[in-house]
Amino acid sequence: MAVTVTTMRKMKAESDKITWLTAYDYSFASLIDAQGVDAILVGDSLGMVVQGHDTPVPVTIEHSCYHTECVARGVGNTMVVGDLPFGSYQTSKEQAYENAVKLMQAGAHTVKLEGGELQVETIQFLVERGIAVCAHIGLTPQSVHQLGGFKVQGRGAAAKQLLEDAISVEQAGAFAVVLEAVPQSLAKEITERLSIPTIGIGAGPACDGQVLVLQDMLDIYPKKSPKFSKNYMAEASTVHEAVGNYVSEVKAGVFPAQEHSFN
């Protein structure tokens, strides 16, 4: 049965862990779909793991649409989440809608954008026009230069702002929120406060679901993978087995462990 936003709300309510992975092409999308992953994020991480850039900033909406089309052809039941890249939604609500429509027409079921309170009006605008939106707070890679690098977010006084961001995007109508590189205690608090699912990446085991970059978890990215990832090929003989083990470990609450989390 196809995974929808309603499915994910039900999974949160029933404490059934949600599994996401990134993918950027037909073959991997088909494999991931066959292993029962709940959602594929066609992430702007493609700028790094596919295109070879140091950040996702160079990715364009045309790039995102192309890879979304490839992924959409490979899925049956898995939700496809299209990532709105840097510069494709920050100018105006109308710009965000225009580019979200492009991703939907390319095959995305939902879209993701970065930002908390600053994106409330944009999220509302999209949701009111029939587009399901996932927010993304904490470490927001499109703002890596402003943040001064890929660093943990939400420590100390910044924790209050992240909590307010999470509440704001839920009230704006987001169906889920990605929490990236956030202390696990704060991620737990946010998860307990929200009625929408939290999808963690470097945010500890208390999140309602997890997402990893495919190339990181298969250990095929030539540069250093982040602390919060895990090499699932280390104990698997095939990629199918590695993805299946990831799903099993997330569902069982085994991943992420302490070594994949921040305090």
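This report walks through selected strands, helices and salt bridges of one predicted model.

## Ground rules

The model is predicted, with local features needing pLDDT of at least 70 and side-chain atom pairs counting only at pLDDT 80 or more, while totals for chains, interfaces and linings use all residues. Residues are numbered from 1 along each chain as its sequence is written, and side-chain values use heavy atoms, with hydrogens and water left out.

Helices (H or I, at least four residues) and strands (E, at least two) are DSSP runs, numbered from the N terminus. Buried means under 20% relative accessible area, exposed means over 50%, and partly exposed lies in between (1.4 Å probe, protein chains only).

Strand 5 covers residues 133-138. 6 of its 6 residues are buried, so the strand is largely enclosed by the rest of the structure. In a regular strand, side chains alternate between the two faces of the sheet. Both faces of strand 5 are covered. Val133, Ala135 and Ile137 are buried on one side. Cys134, His136 and Gly138 are buried on the other.

Two strands pair if DSSP finds at least two bridges between them. Strand 4 (residues 110-114) runs parallel to strand 5, and 4 bridges join them. Here Lys112 has Cys134 as its bridge partner. Strand 6 (residues 176-180) also pairs with strand 5 in the parallel sense, over 5 bridges. There Ala135 is partnered by Val177. Strand 4, helix 6 (residues 120-128) and strand 5 make a right-handed β-α-β unit. Right-handed has a set sense: with the strands pointing away from the viewer, the path from the first strand over the helix to the second runs clockwise.

Lys112 lies in strand 4. Its relative accessibility is 2%, so Lys112 counts as buried. Contact means heavy atoms within 4.5 Å. Leaving aside neighbours within four places in sequence, Lys112 is in contact with residues including Leu41, Val81, Asp83, Cys134, His136 and Val178.

The side chains of Lys112 and Asp83 meet in a salt bridge (3.1 Å, N to O). A salt bridge is a side-chain nitrogen of Lys or Arg within 4 Å of a carboxyl oxygen of Asp or Glu. Lys112 is in strand 4 and Asp83 in strand 3, so the pair ties together parts that are 29 residues apart in sequence. Asp83 is buried too, at 1% relative accessibility.

## Other salt bridges

A search of the whole structure finds 9 salt bridges. One of them joins the side chains of Lys251 and Asp38 (3.4 Å, N to O). Lys251 lies in helix 11 (residues 239-252), and Asp38 in the loop between helix 2 and strand 2, so this pair ties together parts that are 213 residues apart in sequence. Lys251 is partly exposed at 32%, whereas Asp38 is buried at 7%. A network of salt bridges links Asp16, Asp38 and Lys251.

Glu128 forms a salt bridge with Arg129, with the closest N and O atoms 3.6 Å apart. Glu128 is exposed, with a relative accessible area of 61%. Arg129 is partly exposed, at 39%.

## Helix 4

Helix 4 (residues 61-72) has 12 residues. From its first C-alpha to its last, helix 4 reaches 16 Å, close to the 16 Å expected at 1.5 Å a residue. The expected span is 1.5 Å times one less than the number of residues.

Ile61, Ser64, Cys65, His67, Thr68, Cys70 and Val71 are buried in helix 4. An α-helix has 3.6 residues a turn, so residues three or four places apart point the same way. What covers the buried residues of helix 4 includes helix 2 (26-34), strand 2 (39-42), helix 3 (46-49), strand 3 (79-83) and helix 5 (93-106).

Ile190 is found in helix 9. At 0% relative accessibility, Ile190 is buried. Beyond neighbours within four places in sequence, Ile190 is in contact with Leu162, Leu163, Ala166, Leu179 and Thr198. Thr191 also lies in helix 9 (residues 184-193). Thr191 is buried, at 7%. Not counting residues up to four places away in sequence, Thr191 touches Lys12, Thr198, Ala206, Cys207 and Asp208.

Ala159 belongs to helix 8 (residues 158-172). Its relative accessibility of 19% counts as buried. Ala159 and Ala187 are 28 residues apart in sequence and 9.7 Å apart in space, C-alpha to C-alpha.
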